[in-house]
Amino acid sequence: MKRIVITGQGTINALGRNVPETLEAMREGRCGISDLEFQDVERLSIRIGAQVKGYEPEETFNRQQIALYDRFTQFTLIAARQAISQSGLTFSGELAARSGVVLGTSGGGMNTLDENYRSVYEDGKNRVHPFVVPKLMNNAAASHVSMEWNLKGPSFTVATACASSNHAMGQAMQMIRTGMADVMVTGGSEAMLCFGGIKAWEGLRVMSKDACRPFSANRNGMVQGEGSAVFVFEEYEHAKARGAEILAEVVGFAMTSDAADIVMPSKQGASRAIAGAMRDARLNPEDVCYINAHGTGTAANDKTECAAVADAFGHHADELMISSTKSMHGHLIGGTGAVELLACIMALREGVIAPTIGYEEPDPECALDVVPNVARDVKVGAVLSNAFAFGGLNAVLALRAH
Amino acid sequence: MSESIQDRVIAIIAEQAVLEPGDVSLDQTLEDLGIDSLGLVESIFAIEEAFDISVPFNANDPSASDFDISSVAAIIRAVEGLVADQAA
């Protein structure tokens with residue numbers, strides 16, 4: 001089986017317009033959550049989110065591109081450009097044919113849907129722009145990345161709610177591992193901070209009105225974010241032969257289904273995914289020093305996740321660090337695992353563990369080292385990244401320092 | 001309305017082709033102007049919006065449509081016809 005390394009990373013999210021800005025914010029424990037700004041926000045009861053503020057598409061894209069790219073596609077292209085540029089790869093001939101793109105998103109072109117529903121239902125218009133469908137479809141971002149960089153191998157989009165990015169990156173990894181592709185551009189994107197997007201989530205009553213405080217006894221819900229992170233996964237020998245800078249190695253992946261409940265998480269399902277990723281990576285529990293948690297800040301997720309970690313790691317659960325960076329960049333739903341992988345790579349490369357900010361009161365049901373409020377300098381060799389989606393679909397990645 | 005139908009149609013086509021209106025001539029085809037199939041449906045949408053008309057155009061078979069898109073002049077004539085029908 002082939003080995004997989006990461007040779008490029010890019011992002012845009014509420015913490016920064018690129019990877020260095022984002023990592024600096026994570027090191028400083030800065031919060032990207034603030035008052036939401038969009039049409040009709042005053043009709044919402046939830047008015048906070050980790051929004052990419054001051055973003056002007058015109059600074060990056062021309063008029064025709066903007067007519068065709070939903071916000072989630074724009075974010076993806078910005079992140080992909082950084083990642084591919086860092087990798088130093090150009091795609092032509094046989095390499096193009098053996099390179100693909102697998103991305104995660106949950107809502108796809110949610111802003112496009114929202115704007116056009118408003119136009120036909122509320123404003124009573126009977127004509128919509130011809131690009132509504134190619135703009136809103138969930139695979140638009142993956143397709144535009146393939147077109148812009150000439151990626152002609154396996155390419156598609158994964159939608160598994162909050163686990164979309166982890167499932168996408170897991171697929172990308174498997175394709176390289178089994179020899180289907182040499183390079184995969186992968187990660188995810190989400191842009192559902194619009195009236196309809198938040199209104200739908202309000203209905204579930206799992207959103208916080210004031211802050212995201214994962215693992216804290218006084219936590220009161222999740223806070224949504226938006227943005228994208230994209231990575232270049234490359235077959236190890238291919239990367240080595242061209243002398244590429246290797247950021248980390250992707251060593252394991254596992255996915256499980258709870259087969260139980262459409263919204264409530266399951267300790268067993270999560271624990272099986274965590275243990276499965278370690279097994280796949282040939283890591284012993286003691287090898288894992290840090291977990292980037294799913295850590296949504298809801299009552300149910302955080303206690304179930306801690307119980308699952310305790311179950312999978314036994315006594316070593318008390319030795320490892322587990323933090324939720326959603327406290328800073330919000331929950332990017334289908335893009336969240338991708339942004340969180342940035343924190344995992346920072347831990348492996350720089351020995352900086354991003355904190356769980358907003359932590360105020362210990363919760364006996366979350367009695368793990370959640371790296372409260374302040375980043376920590378610790379050299380780590382192997383890390384996990386958890387994602388547990390609505391619908392009971394779990395996906396966990398394992399990375400090693402290279 | 002001060003601007004003629006011709007000027008307004010040319011302005012729409014020019015914007016789509018990323019050209020100045022003065023660089024669009026009546027005998028040119030959309031292909032000459034570098035407008036692809038997506039650009040064509042976007043132009044038709046812009047024309048419908050601008051004149052509040054409904055253009056009988058089916059992208060499955062553009063040549064079978066009643067709306068003649070063979071040149072800039074043909075498009076202008078077709079739009080003038082639709083606007084006149086609407087007024088009648």
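Chain A has 14 helices and 14 strands (DSSP runs numbered from the N terminus: H or I of at least four residues for helices, E of at least two for strands). This is a predicted model, where local features need pLDDT of at least 70 and side-chain atom pairs count only at pLDDT 80 or more, while totals for chains, interfaces and linings use all residues. Residues are numbered from 1 along each chain as its sequence is written, with chains lettered from A and ligands numbered from 1 in the order in which they are written.

**Exercise 1.** Work out how the radius of gyration of chain A sits against the globule rule.

*Solution.* Start with the rule: 2.2 Å times the number of residues to the power 0.38, with the radius taken over C-alpha atoms. For 402 residues the rule gives 21 Å, and chain A comes out at 20 Å, so chain A is as compact as a globular protein of that length. Next, look at burial: 59% of the 402 residues in chain A are buried (20 or more other C-beta atoms within 10 Å of a residue's own, C-beta atoms being placed from the backbone; exposed is 12 or fewer, partly exposed in between).

**Exercise 2.** Check the span of helix 12 of chain A, then find what covers its buried residues.

*Solution.* Helix 12 runs over residues 299-313, which is 15 residues. Multiply 1.5 Å by one less than the number of residues. Now the burial: N301(A), D302(A), T304(A) and E305(A) are among the helix's buried residues. Their cover includes helix 11 (267-281), strand 9 (288-292), strand 10 (321-323) and strand 13 (382-389) of chain A. Just past the helix, G314(A) takes a positive phi of about 60°.

**Exercise 3.** Is F253(A) buried or exposed, and what does F253(A) touch?

*Solution.* Then count: 25 other C-beta atoms lie within 10 Å, so F253(A) is buried. Beyond neighbours within four places in sequence, its contacts (C-beta atoms, placed from the backbone, within 7 Å) include G170(A), M173(A) and A277(A). The C-alpha atoms of F253(A) and G170(A) are separated by 5.9 Å, though the two are 83 residues apart along the chain.

**Exercise 4.** How many residues of chain B are in contact with chain A, and of what kinds are they?

*Solution.* Five residues of chain B are in contact with five of chain A. Sorted by kind, the chain B side has two nonpolar, no polar and three charged (nonpolar: Ala, Val, Leu, Ile, Met, Phe, Trp, Tyr, Cys and Pro; charged: Asp, Glu, Lys and Arg; polar: the others, Gly among them).

How values were computed:
Two residues are in contact if their C-beta atoms, placed from the backbone, lie within 7 Å.
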